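Thanks, everyone, for making the time this morning. I would like to walk you through one structure, taking each chain by itself and then turning to the place where they meet.

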Amino acid sequence: MKIKFFSWKAVLLFLAVVGPGIITANVDNDASGIATYSLAGAKFGYLLLWTVIPITILMILVQDMAARIGIVTGKGLADLIRENFGVKITFLIMVGLFIANLMTTIAEFAGIAVAGQIFGISKFITVPVCAFAAWWLIKRLKYKTLEKVFLILIIFYLAYIISGFLAKPDWTNVAKSTLSPTIKFEPVYFAFLIAIIGTSITPWMQFYLQGAIVEKGLKIEHYTLSRIDVVMGSIMTGVVMFFIIMVTASTMYGKSDVTDIGQVASALVPLAGIYAAKLFAIGLFFAAFLGACILPISTAYFICEGIGLESGINKSFDEAPQFYIIMGFLILIGACILMVPGISLIPLFILSQVVNGILLPFIVVFMVLIINNKKIMKEYVNSFLMNIAIMAGVVVLTILSVLLVITSLLPQKV
Amino acid sequence: MIIHFSALKGKSIVDVENQFVSKLEDVVIIDGEKFAEVTAIVYRANGDKVKLPWKLVDSLNKYVYLHIKKSALQPEKINQNDILLSEHILDKQLIDVDGLKVIRVNDIIMAKVYDKFSVVSVDAGIKGFARRLGIDIPFVKGNPNIIPWEFVEPLQTDKNLKLKVSRQKIAKLHPADIADLLEELSPKERATVIGSLDDQTAARTLVESEPDIRKSVFDNIKTLRIAAVLEKMSFDEAADLLSLMPDERANEILKLTSPEFSAKIAEVLGYSAGSAGRIMTPEFIAVPEDYTAELTINTLRELMPKAEHAYYIYIVNKESKLIGVLSMRELVTSKPDRKVTEFMNNRVIKVLDKDPKEEAAKLIVKYNLMVLPVVDQFDHLIGIITMDDVLANVVPRSWRKISYKKIRKRRKSKSAAK
């Protein structure tokens, strides 16, 4: 036997394991994420860039838990919550998840509308067409094929990195702001802080990631590779996030009062050129469309799984009525709200993050309880250090969520 | 009268003098074929779960009434082997072996059967779920999703419970139905189900499964077991499965099978996918040209071939070239001392090993054959293709699936009509 430093076998094995982490993390930079990041850049310049690093670390920690639970138990998160915390808690979480994901779906369609408008297409065309396309894709394709389509769509996130360079940022300033956190004691600053966290680490993605890992049938010997997958995905998310904040910070900060993501793109034209703006819109469109497909279907899966209802796209309406009702409802409402004349999009984005932000600490706590249960996880429970780190994260999240709820209840101009 | 476990759980237990004992937390059951008898009630005393025999229960109403005094109670500790309804069954997943799907136990329905208080069915419907939340939905359209206890089987990757409530209902299903069921399960659960089947049933089930399902099963069960299951398949089926695996794994598995088996598999695997050689079975009955009818029949007795190999007997010459064929009927109706060459058919319909499998299918259909011999380029007989092989290979897999599901549906609606 020869010892090789580089083996194709290892590469193939890695390719067989990757996917869940990278897809999940990238679907996370969805329309509401892009909107939030770009508004954060426009409002505060480079000031919020530092958040990218702690958020990426927290994302890695949380997703690593989801991956480990999925690998060890072979069960979805909704399953485990149901089996360990009973009916009532499951029901409350499912209701929370439904509302949060409905809000997020609406935000995805809003993203589609905005991206269309940048190209001069009315939302009364883009939104219904995309709603039908999403329904068609979900109905027509197998889940696995769908995932491959999504992996390809992820390439469009590169658009942000390119437009980041086109925007010619002030690199020394960028580096300084990234490495030295500056905290401003203003409600708006905190609102953005939590919105950025709320949109990058969502309750929904923990369910999704764990489900994808169970579905792939990953085993404990794949854990190291799966970890790499999770870390790579999270870093990709962080990088995209970083570039979006940077683009708007270097082009728009202090120049105009931007309140709408559509204005972000149009403001880009004179500052960074028409290509940067178009790339921005293309990235937004695919991110939003990806979310509009994945969110309804996975939400329907998780809810049916937790409650114990029939689910599956290969079943007929009669066999699994609730599954189709949930999925159809999300797409229909998501698209219809956008058709209401004169509706303002930004409050929708913010609302979706508030609901997600409130739900997240609960989900993470349940995950921590599950992962520390020796009966479920055997020797793969969390280490002491890991628990400390994650609990510190939960405390910060909870404080920020409470702050956010208070600030959003107080009348003010965001 | 039926009682929902959701209503029973949490009820106060009171003694004969209406003294409060504790709240009912769980019940112990003994699994039976059709019902599961409730044998004890469980409550907490000083933080530990303890049980009391069910025969101490006088009646169920607003409370659980005991017919002895609190001071006379002698609760026992919970045994390792006890099956607890709330802990082991409620909220867990079970397999509905009749509906061929995985269900979640939202509630459990109990009733008196032959004077014994028993579990009769599980509620997997939305009504049961709502009841647990304290909401009564008076009317739900469609299937209420209540499954009789006799049709459920635990789906626990947890070995403990598997042993406690082992019912082997799945093993009694048709392999094609088990294959349908596997689709509903996660990879880990699939391995558990396959693990509970005997080699023969496991082999048939895998043959009936979709390629991606087979792959997930193989990735999750031990190599030794795969080898044992493979040996129960016909060579072409086994070769088909092995070709889905990475070469290294396939070789590892083949090493664990018998030398004859692996040699024949290697032979079949030597043919390219889609060729007649790939779907053939390298097992057949051939006799030399100088045999008599009697000698041939005696040989058959000794060999005891499988049915599909004995529809026809092939005759080969000294260079083992295929020169004729006899049907079983022709053989047994002939005089014992006649030489096979005297009454065999010497115009044999055959297919070349390198020909496409569609060619084999055409020949079988055109000449109404049960079995088609396969020869190599030198006209040596090397294998046979049966009608089933051709059907399985030519008819799209989705056709077969649909028909199974339709048959089940029809059967179900018929029994419902009765």
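Please keep in mind throughout that this is a predicted model. In chain A, if we take the contacts between residues at least 6 apart in sequence, 86% of them join residues at least 24 apart. The secondary structure of chain A consists of 18 helices and 0 strands, and 53% of its 414 residues count as buried.

One helix in chain A deserves a careful look, namely α5, which runs over residues 77-118. Although helix α5 of chain A has 42 residues, its end C-alpha atoms are only 39 Å apart, whereas a straight helix at 1.5 Å a residue would reach 62 Å. Where does α5(A) have its kink? The kink is centred on A:G86, and the angle there is about 135°. Just after α5(A) there is another glycine to note, A:G120, which takes a positive phi of about 80°.

Turning to chain B, we find 19 helices and 22 strands. Of its 418 residues, 36% count as buried, and among contacts in chain B with a separation of 6 or more, 59% are between residues 24 or more positions apart.

Finally, the contact between the chains, to which chain B gives 18 residues and chain A gives 14 residues. On the side of chain B that touches chain A, at least two residues come from each of β12 (101-104), α3 (126-132), α6 (187-196) and α8 (211-220). Sorted by class, that side of chain B has 6 nonpolar, 6 polar and 6 charged residues.

Conventions
Residues are numbered from 1 along each chain as its sequence is written. Chains are lettered from A and ligands numbered from 1 in the order in which they are written. This is a predicted model: local features need pLDDT of at least 70, side-chain atom pairs count only at pLDDT 80 or more; totals for chains, interfaces and linings use all residues. Two residues are in contact if their C-beta atoms, placed from the backbone, lie within 7 Å. Helices (H or I, at least four residues) and strands (E, at least two) are DSSP runs, numbered from the N terminus. Ala, Val, Leu, Ile, Met, Phe, Trp, Tyr, Cys and Pro count as nonpolar, Asp, Glu, Lys and Arg as charged, and the others, Gly among them, as polar. A residue is buried if 20 or more other C-beta atoms lie within 10 Å of its own, exposed if 12 or fewer, and partly exposed in between; C-beta atoms are placed from the backbone. The expected span of a helix is 1.5 Å times one less than its number of residues. The bend at a residue is the angle between axes fitted to the seven residues ending there and the seven starting there.
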